[in-house]
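Hi,

Here is the structure I promised to pass on to you. Have a look at it first, and my notes follow below.

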Amino acid sequence: MRGAIRASCGEGTEMAIMSGKSRPLVISLAFGWLGLVLLLALFGGWFTETATHLDLPNRLHPPLFFGGDGSYPLGTDELGRGMIARLVASIRISLLIGFAATCLGATIGTGLGFVAAECRGWIEQAILALVDFQASLPFLIVALALLAIFGNSLGLFIVLMSLHGWERHARVARATALEANAQGYASAIRQLGAGWWRVYGLHILPNIAGPLIVSASLAFPEIVLLESGLSFLGLGVQPPLTSLGAMVGFGRDYIDIAPWILVQPSLVIVMTTLSINLIGDWLRDRLDHRL
Amino acid sequence: MMRFIAWRLIRAILTVLAVALFVAVALRISGDPAVIALGPDATAPVLQAFREQHGLNRPIPMQILVQFQAMLHGDFGASMMDGTQALPLVLHHVMPTLEIALPALLLKLALGIPAGILAAVRRNSWIDRLVMAGAVLGLALPNFVIGVALVLVFAVKLGWLPSSGHPNFAGLLLPVISLGLAGAGVMARFTRSAIIGVLTQPHVRAAAAKGLSRYKVMLRHVLPNAVATLLPVIGLAIGGLLAGTVVVETLFSWPGLGSLLVVAVANRDLPVVECILILSAATMAVSNLVMDVAHAWRDPRIVRGRH
């Protein structure tokens, strides 16, 4: 497992070098798309007011260029809700979950990794056992089991998603913190009397931020995909909230008469995760040559 | 070597036990099982009777021990939906899942490994770029999107193949392809980096220098060494056989483990969920064990290095 992850990460460097000339254009396109999506997520609030507005006479209104007039440029869904507003509302929720869960997971993982590096002994062994335990389970099944046990709400769902990938952050944080501890600056600060909070928070964390950002850039698209998968199954984000995966899931019933309902959110998912992966590869190449 | 295997075996058993313990504890802290089973309207005497009947008035560690003992005898409790035993119900759904998961795994390996080797050998050529583009796309595409695209083209537009579960060859095609394609991209990427990792080593240059043909260098020196790197990845793929099909099964209404799990989760049918979780954890643990042993057999340094 560890070897596998390392191999995949090493690939990032390979790829960035390999792509040669085409890289900057693809990367700027990816940045452009992500910027657009982020803008929509941050400032799209006024769209989402209309996301639950029903226009029943105009149900399944086709998009422009597919037989529709301009009244709904991307068409409407099975309840006559405008696709643009639905998409923006979905992007907001999907990105919120992705960001919140990635940050939470990175915090938990880094914290545990630091604790392991600081305490050593049986605490370190226990944390490493937990890491191995998590890595040896199919996470989708675990997530589904926890949803069955605890029920579902947005807050709980975010916490659940943050459990994905914490073990990778913990590994990276522990390994790099051990490395940093062996260097002069950490022991110098310790001998000046700094507490562990100061040592880790102010001195070690900034020095190992690169690998941690890399690890987060791997986790983020995975969490977005996981969320969309669970929501697609109808077990993730629940109505009246909506997410990209949930839109595909509900649109499935209309695949033969109104394919745009599920094609559009699918495209948004693919473009977004593709952009993040491409940028992640590129970032990995810049920030960290070891991983 | 024996010690290594024994140690790994203990770890595999511990993993499965830990999963069972984790579920049991999570269940106990999520609420009173009697209230969950009987609903919030049940009266106190009824709840009390239920607790006594199911041994819920005993201390919690005792309850968990009793539950483990029952599990060892294959008793995971009855499904809350129709009262059938959870284990036979779950086992009944394993075969349909394997019917699509095994061909998908084969497709993944048969497509991904040669593509990866080709890309590594013809590095920086158009083949390499094509394979890597496919790999990046495979990583970014959720398999339900591939599935939806396939249904849209081959079932809705062209009408060649059925869009939902028929246990015949035509019905198998779309689920298998949607599962296998994305995995093939990832597999190709791993293979490519494993091969390139070996190709840059001095012993490969030495083999070429002593006059072996490229084909023989590849077959005798590169591939055997790359296999060691690939084994854990293949192990993960095999371990995930039962767990990986959830989304695709639901998309194609395939009557396997995944569909059962989704229905069970939606209805909070805990015995069934627990049974599937432990079954897939056990699959994963066994596959990891086998791959670890295979890895150690290929590369004895591992045995000496760790224990």
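One detail I would like to begin with is a helix pair in chain A: α5(A) and α8(A) cross with a left-handed sense. Please keep in mind throughout that this is a predicted model.

**The α5/α8 pair**

Two packed helices are described by the angle between their axes and the distance between the axes. In this case, helix α5 (residues 121-135) of chain A and helix α8 (residues 166-181) of chain A have axes that come within 9 Å and cross at roughly 140 degrees. Angles over 145 degrees would count as roughly antiparallel, and α5(A) and α8(A) are therefore oblique to each other.

Which residues bring the two helices together? From α5(A) they are A:I127, A:V131, A:Q134 and A:A135, and these meet A:E167, A:A170 and A:R171 of α8(A). Sorted by class, this contact between α5(A) and α8(A) consists of four nonpolar, one polar and two charged residues.

**Chain A as a whole**

Of the 291 residues in chain A, 47% are buried. Among contacts in chain A with a separation of 6 or more, 70% are between residues 24 or more positions apart.

**Where chain A touches chain B**

The contact between the chains involves 44 residues of chain A and 51 residues of chain B. On the chain A side, α1 (2-19), α6 (139-150), α11 (209-232) and α13 (260-287) each supply at least two residues. Which of the helices gives the most? That is α6(A), with ten residues. By class, the side of chain A that touches chain B has 31 nonpolar residues, along with ten polar and three charged ones.

**Confidence**

For the model, the scores are ipTM 0.79 and pTM 0.81. Chain B has an average pLDDT of 81, and 93% of its residues score at least 70. Where in chain B is confidence lowest, and where is it highest? The lowest is in helix α15 (residues 301-306) of chain B, with a mean of 64, while helix α6 (residues 94-121) of chain B has the highest, at 88.

Best wishes

Note on methods: Residues numbered from 1 in each chain as written. Chains lettered and ligands numbered in written order. Predicted model: local features only at pLDDT ≥ 70, side-chain atom pairs only at ≥ 80, totals over all residues. Axes fitted to C-alpha atoms, helices over the stretch in contact; angles between N-to-C directions. Helix = DSSP H or I, 4+ residues; strand = E, 2+ residues; numbered from the N terminus. Parallel < 35°, antiparallel > 145°, perpendicular 65-115°, else oblique. Left-handed = near helix turned anticlockwise from the far one by under 90°. Contact = placed C-beta atoms within 7 Å. Nonpolar A, V, L, I, M, F, W, Y, C, P; charged D, E, K, R; others polar. pLDDT = per-residue confidence, 0-100. Buried ≥ 20, exposed ≤ 12 C-beta atoms within 10 Å, placed from the backbone.
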